[in-house]
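I opened the model to look up a few side chains and the packing around them. My notes follow.

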Amino acid sequence: MVALPGQLFSNTQIPACLWFMSKDKKAGKNGSRDRGGEILFIDCRKMGSEQLSRTQIAFTEEEIHTIAKTYHRWRETEFSDGEPYEDVLGFCYSAELEEVEKHGFVLTPGRYVGAAVEEDDEESFNDKIAELTGVLYEQMKKAEELDTVIKKNMEGLGYGG
C-alpha cells in the first residue's frame, strides 16, 4: 500500500492511496521471496517536492527511485540493489497479518509507518518563545501602522468615520 500526497493529480487535490494486490505471494522463479502474511506500507505523503504549478506537484526521479527501491528490497526481486529491506520510521513498514488484525484490519499506512523523528535544533523552548514573541510584536506594530495609513487613505477618499 502506498499513501500518496495531495495535489499529485491534476483533477483533485486530495491524497490517494494505491493498493497493489497479489494472489500468489510465494517465492518466485525470479528469486523473489515468500511474502505470505505480510503487507508493505509506504507513506509518500511528505514527498512530491517538484512543484508543477500552484495546484499540482510531482515526484522527483530520486523520490520515484526511493519508492521503487524500497519495494524491490522488500520483495527481493531481481531489480533489487542487493541491499536488505529495512523499515524506515515515517516512510515504510512491513507488517505481519497478525499485527494488522490487532489494528482491526485498518489499512492506513500512517498507522504502521509511524512518524519520522524530528531533529532537535538544540534551541531551548524559552529561547524559541522569546524569539517568536518578538516577531509577533513587531508584526502587530507594523499592522497598527498599516491600519493608520489605511484609515488616512479612506478619509482622503471621503469614506472616513
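Where is the place of H72? I found H72 in helix α1, residues 61-75. Helices (H or I, at least four residues) and strands (E, at least two) are DSSP runs, numbered from the N terminus.

A note on the source: this is a predicted model, where local features need pLDDT of at least 70, side-chain atom pairs count only at pLDDT 80 or more, and totals for chains, interfaces and linings use all residues. Residues are numbered from 1 along each chain as its sequence is written, and side-chain values use heavy atoms, with hydrogens and water left out.

Next I checked burial. H72 counts as buried because its relative accessibility is 19%; buried means under 20% relative accessible area, exposed over 50%, partly exposed in between (1.4 Å probe, protein chains only). Setting aside residues up to four places away in sequence, H72 touches T77, F79 and S80. Contact here means heavy atoms within 4.5 Å.

I then turned to T77. It sits in the loop between α1 and β6 (92-96). At 9% relative accessibility, T77 is buried too. The side chains of T77 and H72 are joined by a polar contact of 2.6 Å. That term means a pair of N or O atoms within 3.5 Å; within protein, one must be able to donate a hydrogen and the other to accept it, and residues adjacent in sequence count only if both atoms are side-chain atoms.
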